[in-house]
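Welcome! Take a look at it first, and then read on.

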Amino acid sequence: MTIARRYAKALLLISTEDLKTETYREELNGFAGLVAREKDLDAAISNPLYNAAERKKVLIAVIEKLNLSVVMASFLQLLFDKGRIKFLDPISDFFDQLADEVKGITRASLVSVSALPSETVDKIRASLSTMTGKNVVLELKQDPTLIGGIVTRIGDLVLDGSIKTQLLNMKKSIKRGDRV
């Protein structure tokens with residue numbers, strides 16, 4: 001999604017100059033979330049069957065109602081004017097990633113069968129931080145199909161220590177005739 005990345009980078013450059021990266025992140029995520037939840041609003045600002053001038057009026061009214069910053073209001077209107085408002089969600093996602101990179105943060109998911117003790121989560125977070133050289137923010141999930149163990153995802157890297165995967169690997173080895 002090069003279009004989304006390009007606009008996210010542009011907003012990030014502005015936000016680092018203004019020292020308002022977190023403010024813009026909150027505003028962009030809030031607006032993108034609102035548009036995603038409210039399908040009528042999405043149609044009102046992005047459906048080309050409606051008059052462009054009327055769609056822009058709706059956009060401006062929502063921006064004013066949300067009391068967004070001048071920069072964010074201008075950014076959203078630019079997206080509208082360039083016909084890129086439909087890329088709002090991926091732009092928001094890319095902006096989150098880029099803002100995290102600037103702050104030295106990486107996000108990871110940790111999936112386990114049941115809730116893990118906070119000490120265990122802290123140890124895993126510390127190990128992942130050491131491994132990546134970044135501050136790791138963990139999203140904790142539960143999946144009873146794992147049987148046991150944990151699965152951690154950091155970007156494209158998957159660290160799978162689940163019993164389910166170990167059993168599947170053992171099954172494949174047995175089918176191949178390997179010694180277990």
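At 75% relative accessibility, Leu19 counts as exposed, because the cut-off for that label is over 50%. Please keep in mind that this is a predicted model.

**Leu19 and its loop**
- Leu19 sits in the loop that links helix H1 (2–18) to helix H2 (21–37).
- The phi of Leu19 is positive, near 60°, and the residue is not a glycine.
- As background, most residues other than glycine have a negative phi.

- Ile147 belongs to the loop between strand S2 (135–142) and strand S3 (150–154).
- Ile147 also has a positive phi, about 75°, although it is not a glycine.
- With a relative accessible area of 52%, Ile147 is exposed.

- An open sheet is formed by 4 strands in the order S2-S1-S3-S4, with mixed pairing.
- S2 and strand S4 (157–160) are at the edges with a single partner strand each, so one side of each has no neighbour in the sheet.
- From one strand to the next, the twist averages 20°.
- Strand S1 (residues 105–112) pairs with S3 in the antiparallel sense, over 5 bridges.
- Within this pairing of strands, Ser112 is opposite Ile150 in S3.

Methods: Residues are numbered from 1 along each chain as its sequence is written. This is a predicted model: local features need pLDDT of at least 70, side-chain atom pairs count only at pLDDT 80 or more; totals for chains, interfaces and linings use all residues. Side-chain values use heavy atoms; hydrogens and water are left out. Helices (H or I, at least four residues) and strands (E, at least two) are DSSP runs, numbered from the N terminus. Buried means under 20% relative accessible area, exposed over 50%, partly exposed in between (1.4 Å probe, protein chains only). Two strands pair if DSSP finds at least two bridges between them. Axes are lines fitted to C-alpha atoms, for helices over the stretch in contact, and angles run from 0 to 180 degrees between N-to-C directions.
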